[in-house]
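Here is a short tour for anyone meeting this structure for the first time. Have a look at the picture, then read on.

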There are 2 protein chains.
Amino acid sequence: MVRWEPGAKDRLQTAAIALFLERGYEETTVQDIAAEAGLTERTFFRHYADKREVLFNGGDSYRAVFVDAIRAAPAGRTPFELVTAALVAAEDFFSPERRPWSRKRQRVIDANPALQEREARKRATLGDALDAALVERGVPEPEARLTAEVGAAVFTTAFRQWLAEDEQRPLDEIELELLARLRALMPVGAPA
Amino acid sequence: MVRWEPGAKDRLQTAAIALFLERGYEETTVQDIAAEAGLTERTFFRHYADKREVLFNGGDSYRAVFVDAIRAAPAGRTPFELVTAALVAAEDFFSPERRPWSRKRQRVIDANPALQEREARKRATLGDALDAALVERGVPEPEARLTAEVGAAVFTTAFRQWLAEDEQRPLDEIELELLARLRALMPVGAPA
């Protein structure tokens with residue numbers, strides 16, 4: 001019989017990040033995490049495939065926030081307006097309440113090259129998801145891919161800033177500021 | 001005594017990619033690669049730390065092509081002109097002669113999620129290298145990071161197109177076309 005553990009997933013996440021920061025990611029085992037959370041390894045594996053997934057769980061719902069915003073945008077929007085809507089919607093996922101966790105998570109990733117590879121892949125799949133959503137809205141290639149990659153680049157830059165210890169602004173405010181700066185950086189006039 | 005093997009590194013690379021495509025990356029061992037190349041495992045390890053490095057060797061010289069172009073650009077260039085110079089210079093690395101190898105390499109990577117993580121990380125370090133080179137040229141943050149990430153996004157999109165089987169144009173031509181399309185996509189006028 002499986003015993004229901006209230007809040008087990010959150011407790012495991014809290015325990016894992018504390019141990020990753022204290023002992024190092026490589027040095028922490030699933031057994032350590034379960035013990036720290038006062039739970040069994042079996043309970044751990046009901047929630048996470050492995051310890052890495054504690055840091056990367058939720059990737060699908062994270063991408064869905066961007067994609068759903070593109071799907072929900074009114075007709076007649078330009079590719080850049082669509083991707084801007086997606087970036088602004090990301091604030092729903094990366095809320096102020098989430099920021100302390102995200103900062104700790106980033107410290108663990110910054111200390112581990114293998115996790116940096118996984119994180120970079122997560123960024124790449126965001127570009128793929130934005131591209132697919134733009135194509136679904138009728139944006140042709142290569143415009144869809146280009147807009148998607150630039151949107152993901154702005155998100156990455158804003159997200160890094162959002163994680164900075166002294167940064168107080170919400171993510172969408174940082175993203176909109178960066179989009180404005182990007183417009184100012186681009187050469188004006190007709191394309192060559 | 002170490003026996004010098006003429007062209008050993010290239011022979012190992014050719015043997016490795018043939019086996020990765022034929023048997024699969026995971027199924028191919030260093031022993032297999034060395035045997036296919038008519039060389040010893042010891043010779044393999046003089047050139048590569050492991051089989052993954054056959055695919056990712058040269059990452060430093062690849063980044064250097066971009067960075068050197070930014071360093072060598074005349075004074076007074078805008079951030080976007082600097083990153084455009086870097087993108088155009090990448091043609092020196094991704095030459096027409098390299099294209100058949102790059103296409104095979106991409107097929108191996110596309111079939112393996114762990115290699116995709118490593119490849120995504122390579123893309124991320126390009127953004128970091130461009131950012132550092134722009135800062136060195138006096139571009140302030142966040143403009144340097146933003147320009148670097150957008151430059152890396154354009155490169156990634158162009159590189160993907162360059163690898164397409166039916167694509168004949170050189171990389172720099174594709175990059176310049178995408179930069180022109182990007183300018184056309186961006187909203188014109190003063191930043192909000």
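## Two helices side by side

Let's start with a pair in chain A: α5(A) and α8(A) make a right-handed crossing. Helix α5 of chain A covers residues 59-72 and helix α8 of chain A covers residues 113-136, and the two pack at an angle of about 20° with their axes 9 Å apart. Angles under 35 degrees count as roughly parallel, so α5(A) and α8(A) are roughly parallel to each other. Keep in mind that this is a predicted model.

Who does the touching? On the α5(A) side, the residues are A:Tyr62, A:Arg63, A:Phe66, A:Val67, A:Ile70 and A:Arg71. On the α8(A) side, they include A:Leu126, A:Ala129, A:Leu130 and A:Ala133, along with A:Lys122 and A:Glu136. Sorted by class, the contact of α5(A) with α8(A) has 9 nonpolar, 1 polar and 4 charged residues.

## The chain as a whole

Stepping back, chain A has 10 helices and 0 strands. Going along the sequence, the pattern reads α-α-α-α-α-α-α-α-α-α. Along the principal axes, the C-alpha atoms of chain A fill a box of roughly 65 × 40 × 25 Å.

## What the record says

UniProt, in an unreviewed entry, puts a "domain: HTH tetR-type" at residues 6-66 of chain A. In the model, that span is 74% helix and 0% strand, and its end C-alpha atoms lie 30 Å apart.

The unreviewed entry in UniProt also has a "DNA-binding region" at residues 29-48 of chain A. Residues 29-48 of chain A are 75% helix and 0% strand, with 13 Å between the end C-alpha atoms.

## Another helix pair in chain A

Next up are helix α6 (residues 79-89) and helix α9 (residues 143-163) of chain A, which pack at an angle of about 35° with their axes 10 Å apart. The crossing of α6(A) with α9(A) is right-handed.

From α6(A), the residues A:Pro79, A:Phe80, A:Val83 and A:Leu87 take part, and they meet A:Thr147, A:Val150, A:Gly151, A:Val154 and A:Phe155 of α9(A). By class, the contact of α6(A) with α9(A) has 7 nonpolar, 2 polar and no charged residues.

## A pair in chain B

Over in chain B, how do helix α1 (residues 8-23) and helix α2 (residues 30-37) pack? Their angle is about 120°, and their axes are 8 Å apart. α1(B) and α2(B) are therefore oblique to each other, and their crossing is right-handed.

In α1(B), the residues in contact are B:Arg11, B:Leu12, B:Ala15, B:Ala16, B:Leu19, B:Phe20 and B:Arg23. They meet B:Asp32, B:Ile33, B:Ala34, B:Glu36 and B:Ala37 in α2(B). The contact of α1(B) with α2(B) counts 8 nonpolar, no polar and 4 charged residues.

## A cis bond in each chain

Most peptide bonds are trans. Which kind joins A:Glu141 and A:Pro142? That bond is cis, with omega about 5°, and A:Pro142 sits in the loop between α8 and α9 of chain A.

In chain B, the peptide bond from B:Glu141 to B:Pro142 is cis too, with omega near 5°. B:Pro142 lies in the loop between α8 and α9 of chain B.

## How the two chains relate

Finally, what rotation superposes chain A on chain B? A rotation of 180° does, with 0.0 Å of shift along its axis and an RMSD of 0.0 Å. The two copies are thus related as by a two-fold rotation axis. Both copies use the same surface, with 100% of the contact residues of chain A recurring in chain B.

Terms used
Residues numbered from 1 in each chain as written. Chains lettered and ligands numbered in written order. Predicted model: local features only at pLDDT ≥ 70, side-chain atom pairs only at ≥ 80, totals over all residues. Heavy atoms only, no water. UniProt positions renumbered as here; feature names shortened; annotations may be inferred. Helix = DSSP H or I, 4+ residues; strand = E, 2+ residues; numbered from the N terminus. Axes fitted to C-alpha atoms, helices over the stretch in contact; angles between N-to-C directions. Left-handed = near helix turned anticlockwise from the far one by under 90°. Contact = heavy atoms within 4.5 Å. Nonpolar A, V, L, I, M, F, W, Y, C, P; charged D, E, K, R; others polar. Least-squares fit on C-alpha atoms with pLDDT ≥ 70 in both. Parallel < 35°, antiparallel > 145°, perpendicular 65-115°, else oblique.
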